[in-house]
Amino acid sequence: ECWTLVTSFFELPRKEQLKTFSALSLERQYVTYICGMKSTHPPPFHLTTEFAKEGKVVFPFLAKKLRETQEDSYFRYLVWVLSDMQQEQTYDVVADKDLMLYMRKRASEIRDEFWRNHVREILDRMVKPR
């Protein structure tokens, strides 16, 4: 499925990607986002921002996906979206204390030291913005 997306969706100009992305179902947005993040270079961070714009509409879905994933990279990609939500004030992620505790615990379990520290820094910045 990712190969099809990479050879179709991610071949579109960025403006078309954003338009198409916003018209997809939540599940298709998620699949498209994950596939893009893991399969394209450079990663499509514009989709991170696009997802974050939806704030409270997508938060429950993304929080569930975040708790379900066993993949360190998928977890990281979702933290990036939630961080953007917090930064852009489309949803107060930090107010969800249980999720913040879960993210801190899960971040400490990331196998790669670089990414473990990176995600911890993101979580710290969410709580104490610069």
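**Close-up 1. Gln89 in the loop between helices H6 and H7 of the predicted model.** Gln89 is exposed, because its relative accessible area of 72% is over the 50% cut-off. The loop that holds Gln89 runs between helix H6 (72–88) and helix H7 (97–108). Although Gln89 is not a glycine, the residue has a positive phi of about 60 degrees.

**Close-up 2. The disulfide of Cys2 and Cys35.** A disulfide is a covalent bond between the sulfur atoms of two cysteines. The sulfur atoms of Cys2 and Cys35 are 2.0 Å apart, so the pair meets the limit of within 2.5 Å. The count for the model is one disulfide. Cys2 belongs to helix H1 (residues 2–7) and Cys35 to helix H3 (residues 26–39). The angle about the S-S bond is -75 degrees, and the link of Cys2 and Cys35 is left-handed.

**Close-up 3. Burial of the two cysteines, Cys2 and Cys35.** Are these residues buried or exposed? Cys2 has a relative accessibility of 17%, which is under 20%, and therefore counts as buried. Cys35, at 4% relative accessibility, counts as buried because this value too is under 20%.

**Close-up 4. The cis peptide bond from His41 to Pro42.** Omega for this bond is near -5 degrees, and the bond from His41 to Pro42 is cis. Pro42 is located in the loop between H3 and helix H4 (45–53).

Terms used: Residues numbered from 1 in each chain as written. Predicted model: local features only at pLDDT ≥ 70, side-chain atom pairs only at ≥ 80, totals over all residues. Heavy atoms only, no water. Helix = DSSP H or I, 4+ residues; strand = E, 2+ residues; numbered from the N terminus. Buried < 20%, exposed > 50% of the residue type's maximum accessible area, 1.4 Å probe, protein only.
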